[in-house]
Amino acid sequence: MTIPMYNDLQRDALAELANVGCGQASTALSQMIGRRVDLSVPTVQAYDLADAVDAIGPGEETVTAVIVPVVGNFAAAVLLVFSSGDVNRLCTMLGVDPTDQFMAESMIGEIGNILGTSYLNAIVALSGSEGEPAPPVTVTDMRAALVSTALADSPAAYDAAIIVDSNLEVADERCEVSFVLLAGAADIDELLQRIGLGR
């Protein structure tokens, strides 16, 4: 279920942070691949961790995710989740054979690293927090297992998830990517406090 502790103003602020972060992420990806990239954010929701997996789609569906942890006083991780169809579209678009799993994961990992790092850097800068992205991990697995992998690889305790459903458009080809910000509820409270919306 959606975490009820955030009011409309706080949810709007989290959405605006996501918008700014995605804006910087799309610019960075465009510079990397030399093509026009648009990344829009239709919805932003906050969930407790137990309900986050169901919220991002069928748990048994195989997807590819790039996990970008953050170290510092804002302990968090971002999962960028791509469906197999969108992995194939991005590979074809960028000249990579989608049946070559190693190359496909490598390319998605690079895209996820650029998007996730830019997104996190924007949030950290806007909030005045201190944190740096750590080396990313790319995993292809069932959607439900990915969250477990992210939790197992992190020393931080996460109990909240901010899910940003984004439309990614690369040179007029449309894809979808879910940004999932995993963090402790206390860290999200601290983030809101830093932008003047604490409780």
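A salt bridge here is a side-chain nitrogen of Lys or Arg within 4 Å of a carboxyl oxygen of Asp or Glu. With that in hand, welcome to this predicted model, which holds four salt bridges and two cavities of 30 Å³ or more.

**Salt bridges around Arg36**
- Arg36 pairs with Asp38 in a salt bridge, with the closest N and O atoms 2.4 Å apart.
- Glu169 also forms a salt bridge with Arg36, at 3.7 Å from N to O. This pair links distant parts of the chain, 133 residues apart: Glu169 sits in strand S6, and Arg36 lies in the loop between H1 and strand S1.
- Arg36 is partly exposed, at 40% relative accessible area; Asp38 is partly exposed at 37%, and Glu169 is partly exposed at 23%.

- Asp86 and Arg89 meet through their side chains at 2.7 Å, N to O.
- The two are separated by about one helical turn, because they are three residues apart in helix H3.
- Asp86 counts as buried at 6% relative accessibility, whereas Arg89 is partly exposed at 38%.

**Cavities**
- The largest cavity has a volume of about 50 Å³, and its lining has eight nonpolar residues, with no polar and no charged ones. Among them are Leu14, Tyr119 and Ile162.
- Helix H1 gives the most to that lining, with three residues.
- The second largest cavity, of about 40 Å³, is lined by Asn73, Phe74, Ser129, Asp187, Glu190 and Arg194. By class, these are one nonpolar, two polar and three charged residues.

Definitions and conventions
Residues numbered from 1 in each chain as written. Predicted model: local features only at pLDDT ≥ 70, side-chain atom pairs only at ≥ 80, totals over all residues. Heavy atoms only, no water. 1 Å grid on protein atoms, 1.4 Å probe; cavity = no way out; pocket = protein on both sides within 12 Å on 5 of 7 lines; lining within 4 Å. Points joined across faces, edges and corners; volume = space filled by probe spheres on them. Helix = DSSP H or I, 4+ residues; strand = E, 2+ residues; numbered from the N terminus. Nonpolar A, V, L, I, M, F, W, Y, C, P; charged D, E, K, R; others polar. Buried < 20%, exposed > 50% of the residue type's maximum accessible area, 1.4 Å probe, protein only.
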